[in-house]
Amino acid sequence: LQRKKKVFVFAQIEFVYFLLFGLFLVSISSITTALPPNNGSCIASVWLINIGYTFVLAPLVVKIASINKLLQAAKRMKRVKLNKNYLYGVVALISGVVVVFMILWTVLDRPKREGGFDLTNTETADGHIIVSVAY
């Protein structure tokens with residue numbers, strides 16, 4: 001396995017797993033988006049996209065912030081020890097805030113299937129105008 005190589009050791013493989021999990025959720029959301037629209041698939045798409053991108057972006061922001069903290073400490077000639085569990089906790093906190101937001105959004109204003117209605121120029125044999133619906 002490649003886990004022992006320097007690239008993955010310095011990348012902290014756990015953060016790579018967070019990224020892969022987030023991208024997996026976003027790819028699953030593309031499947032739910034491609035399904036025929038109903039209220040369940042609309043809710044699932046919104047949840048999967050938001051949670052997925054949270055798991056992609058939150059670890060990156062946390063890692064960049066920790067690198068910035070290390071560089072600032074190096075400028076002052078100070079030694080800094082970063083705790084991995086603290087970094088995981090920050091990612092979990094950001095993800096938790098997004099989950100709470102998604103719960104509130106789903107409860108208060110649930111995503112719904114909505115169609116667009118267009119009048120066509122064709123008429124039925126009875127003289128009624130045909131309305132087309134697109135989702």
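# Starting from Ser 29

Set aside the neighbours within four places in sequence, and Ser 29 is in contact with Ser 45, Leu 48 and Ile 49; contact here means heavy atoms within 4.5 Å. Before we go on, keep in mind that this is a predicted model: local features need pLDDT of at least 70, side-chain atom pairs count only at pLDDT 80 or more, and totals for chains, interfaces and linings use all residues. Residues are numbered from 1 along each chain as its sequence is written, and side-chain values use heavy atoms, with hydrogens and water left out.

Back to Ser 29, which sits in helix H2 (residues 13-34). Helices (H or I, at least four residues) and strands (E, at least two) are DSSP runs, numbered from the N terminus. Ser 29 counts as buried because its relative accessible area is 2%; the cut-offs are under 20% for buried, over 50% for exposed and partly exposed in between, with a 1.4 Å probe and protein chains only. Its side chain also reaches the backbone oxygen of Val 26, at 2.5 Å. That is a polar contact, meaning a pair of N or O atoms within 3.5 Å; within protein, one must be able to donate a hydrogen and the other to accept it, and residues adjacent in sequence count only if both atoms are side-chain atoms.

Now for H3 (residues 39-75). With 37 residues at 1.5 Å each, it should span 54 Å, and its end C-alpha atoms are 54 Å apart, so the two agree; the expected span is 1.5 Å times one less than the number of residues. Asn 38 caps the N-terminal end of H3, with a side-chain oxygen 3.1 Å from the backbone nitrogen of Gly 40. Just after H3 comes Met 77, with a positive phi of about 60 degrees, even though it is not a glycine. Met 77 belongs to the loop between H3 and H4, and counts as exposed because its relative accessibility is 73%.

What ties H2 to H4? The side chains of Glu 14 and Lys 84 meet in a salt bridge (3.8 Å, N to O), linking distant parts of the chain, with Glu 14 in H2 and Lys 84 in H4, 70 residues apart. A salt bridge needs a side-chain nitrogen of Lys or Arg within 4 Å of a carboxyl oxygen of Asp or Glu, and the structure holds one. Glu 14 is partly exposed at 31% relative accessibility, as is Lys 84 with 36%.

Further along H4 (residues 84-108) is Val 99, partly exposed at 31%. With Val 100, Ile 103, Leu 104, Val 107 and Leu 108, it forms a nonpolar surface patch of about 570 Å² accessible area together. Patches are made of residues with over 30% relative accessible area and no salt bridge; like charges are joined within 9 Å, nonpolar side chains (Val, Leu, Ile, Met, Phe, Trp, Tyr) within 5 Å. The areas come from the Shrake-Rupley method with a 1.4 Å probe, and for residues only the protein chains shown count as cover.

Last stop, Phe 117, in strand S1 (residues 116-123). At 62% relative accessibility it counts as exposed, yet Phe 117 touches Val 131, Ser 132 and Val 133, not counting residues up to four places away in sequence.
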